[in-house]
Amino acid sequence: MRDLRSKSKWFLVLVALGAIVMVSGSAIVWTSAEAQEGGGVPEGFKKEELPVAPSAEMIEAGKRVYFTKCVWCHGVDGAGDGPAADRLWPRPRNFNQGTFKIRRTASGELPLFDAKKPIPGQNDLFDTVTHGLPGSAMPSWEGILTEEQRLQVLSFVTTQLVKDRKFDDKSSETLTVIQLDSIKPIPSSEESLKKGAELIVDKKCVECHGAEGRGDGNAFNLKDDWGFPIQPANWHKCWNFRGSRQDPYNVKNIFRTFSTGVSGTPMPSFADNTTVEERWHIANFVNSLCERDSKGEPLGIDPLTDKPKINFVMRSGPAEGEISDDPNNEMWQKRERRIVLFGGQITHKPRNFVNRIDDVWVKSLYNDKEIVFLFQWDDRSKSVATEKLPFGPTEVNLDQYVKEQAPKTGEPDSIASQQSKYTVYNDAFAFQFPVKWQELPAPIKPRYLWGDQKYPVDIVKWEANGTVKAFTGTGWDQDFQDRDDFTEKLKVLKQEWKDGRWTLMVSRPLKGDYDEDTKFEMGKYIPTVFFAWDGHNGDAGRKMAVSAFYYTVLEPPIPKETYIYPTLIAVGVVILEGWVLTRRANKKKGKKL
């Protein structure tokens with residue numbers, strides 16, 4: 001795992017200084033003379049003309065599209081209250097007030113929309129409908145709706161569902177547009193990153209986004225304009241940025257957001273109290289935090305999911321001697337990591353429509369006795385139950401204790417309104433393997449939710465109170481079977497929550513003494529499933545985040561001969577070449593004599 005602290009060592013010092021400034025109430029606010037040009041237009045912006053209203057034909061055609069595709073989330077009147085809205089967080093956009101998050105226009109202004117110009121980068125709403133909003137339930141409609149249908153439905157939304165404002169009202173509306181295509185970016189450099197780190201402290205970004213930018217600074221107190229809880233962005237997951245436009249590593253997207261703000265949320269515009277140059281430094285620094293591969297290159301993004309591309313093979317590497325419990329040890333730093341993506345468990349009650357943990361990074365090493373897994377995942381809060389839990393560690397049928405994340409018919413609550421109101425349980429993490437995977441006829445695998453009677457699974461579960469236990473799972477609705485004998489052989493080598501991230505290292509024997517213990521064999525692909533519970537999300541029992549099937553494989557150690565023979569051959573070649581060159585030189589010398 002790339003150590004971001006070493007990359008921005010000055011950043012943590014500045015965070016401490018920023019905290020002092022905040023406590024004293026003397027936070028610095030800049031208003032540069034350069035930031036106000038041309039009659040109050042912020043630097044980098046330009047006034048533009050309002051668009052012409054769409055035709056009646058476009059609006060009527062758009063109405064048909066809306067009531068076919070969009071009403072289910074956004075509602076009959078566009079108030080963000082469709083049949084699916086109560087099960088979504090963040091909730092679907094309420095169009096009535098004309099508040100849109102992703103824009104190239106100044107704070108408080110309507111977004112760019114022209115029914116006659118479907119030009120990428122010049123039509124905010126068309127871009128949103130085309131690409132969707134990663135990190136939310138708003139999908140990409142490209143390939144589902146034609147270009148004309150997208151313009152039609154937006155014509156209906158902007159004229160009929162936006163009720164408090166009019167896109168073509170020159171008496172009350174203006175368009176002040178950030179000139180992204182003409183503003184020259186400042187290249188990323190050590191100097192630029194340092195300035196950006198200073199600025200996010202000066203501008204109090206760390207109050208919400210946290211000391212390392214994982215969104216843990218103010219995770220529970222922020223609300224949007226409609227009173228629903230909202231979370232600060234995690235800068236390490238740029239693919240979840242709402243305005244990433246399927247181009248998450250593009251620093252221009254971050255520059256735009258800092259310049260325009262995110263309307264309807266606590267995220268303000270910095271256009272009036274920073275210069276263009278300062279905003280580029282901020283954008284460069286934030287962009288530098290997003291996860292990258294071992295070479296420092298952006299992760300590949302799957303265009304269908306807007307998430308990092310995944311490799312389903314979890315390779316455990318051989319190690320000689322004891323395996324270090326320090327993630328920064330060289331043996332771990334050299335080890336490749338894999339990202340595992342999570343989804344909410346919605347197959348059985350209590351369902352989990354909104355899971356706050358959406359991925360985990362995994363590394364693994366093994367020696368002649370044990371296999372060790374290193375897990376790291378982002379969690380905005382450390383959750384440990386403050387009272388004794390009313391259920392035991394083996395119980396999974398917890399409907400009476402765990403509230404399903406979906407309101408019942410007639411209830412006024414929604415998932416969005418319930419956030420931060422759940423009973424807090426322990427954060428937890430688990431992984432499972434088939435007990436007798438060698439006997440599974442391909443392509444049969446045990447049920448991914450804790451196996452079944454015919455194909456039981458071996459489960460190792462850790463909880464934030466420091467416990468780790470071994471269980472046998474025989475079905476999604478069957479209580480776990482405790483295996484105290486194997487639990488004694490499990491070790492938690494490290495558990496730490498810091499700055500919005502859990503680091504967990506768990507060791508288990510390669511081979512157990514009983515049939516219920518999974519036995520690892522070199523070079524064999526063992527089906528593996530991962531689970532995560534966020535205690536502040538009220539997760540327990542079957543209310544959890546779950547992965548698809550991955551495969552754990554132990555890599556064979558590289559024979560020493562692999563290193564010795566090439567070295568001997570290389571030395572031999574050098575000696576032979578030297579001998580040949582010497583003979584040639586002697587012959588030439590003899591001829592001259």
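This is a predicted model: local features need pLDDT of at least 70, side-chain atom pairs count only at pLDDT 80 or more; totals for chains, interfaces and linings use all residues.

Me: How many salt bridges does a search of the whole structure find?

Reply: The general idea is that side chains of opposite charge can pair when their charged atoms come close. In this structure, a search of the whole model finds 24 salt bridges. One of them joins Asp77 and Lys163, whose closest N and O atoms are 3.3 Å apart. Asp77 lies in the loop between helix H3 and helix H4, while Lys163 lies in the loop between H5 and strand S4, so this pair ties together parts of the chain that are 86 residues apart in sequence.

Me: Are Arg337 and Glu291 buried or exposed?

Reply: Their side chains meet in a salt bridge, at 3.1 Å from N to O, and the pair links distant parts of the chain, since Arg337 is in the loop between helix H10 and strand S8 and Glu291 is in the loop between H9 and strand S5. Both Arg337 and Glu291 are buried. These two residues also belong to a network of salt bridges, whose members include Glu212, Arg214, Asp378 and Arg501.

Me: How should I decide on which side of the cut-off a residue such as Arg542 falls?

Reply: A residue is called buried when its relative accessible area is under 20%, and partly exposed when the value lies between that and 50%. Arg542 has a relative accessible area of 4%, and therefore it is buried, whereas Asp399, at 42%, counts as partly exposed. Arg542 forms a salt bridge with Asp399, the closest N and O atoms being 3.4 Å apart.

Me: With which side chain does the side chain of Ser263 make a polar contact?

Reply: Ser263 lies in the loop between helix H8 and helix H9, and with a relative accessible area of 13% this residue is buried. The side chain of Ser263 makes a polar contact, at 3.1 Å, with the side chain of Arg103.

Me: Which residues gather in a patch of negative charge on the surface?

Reply: The patch is formed by Glu439, Asp482, Asp484, Asp485, Glu488, Asp515 and Glu516.

Methods:
Residues are numbered from 1 along each chain as its sequence is written. Side-chain values use heavy atoms; hydrogens and water are left out. Patches are made of residues with over 30% relative accessible area and no salt bridge: like charges are joined within 9 Å, nonpolar side chains (Val, Leu, Ile, Met, Phe, Trp, Tyr) within 5 Å. Accessible areas come from the Shrake-Rupley method with a 1.4 Å probe; for residues, only the protein chains shown count as cover. A salt bridge is a side-chain nitrogen of Lys or Arg within 4 Å of a carboxyl oxygen of Asp or Glu. Lys and Arg count as positive and Asp and Glu as negative; His and the chain ends are not counted. The place of a charge is taken as NZ of Lys, CZ of Arg, CG of Asp or CD of Glu. Helices (H or I, at least four residues) and strands (E, at least two) are DSSP runs, numbered from the N terminus. Buried means under 20% relative accessible area, exposed over 50%, partly exposed in between (1.4 Å probe, protein chains only). A polar contact is a pair of N or O atoms within 3.5 Å; within protein, one must be able to donate a hydrogen and the other to accept it, and residues adjacent in sequence count only if both atoms are side-chain atoms.
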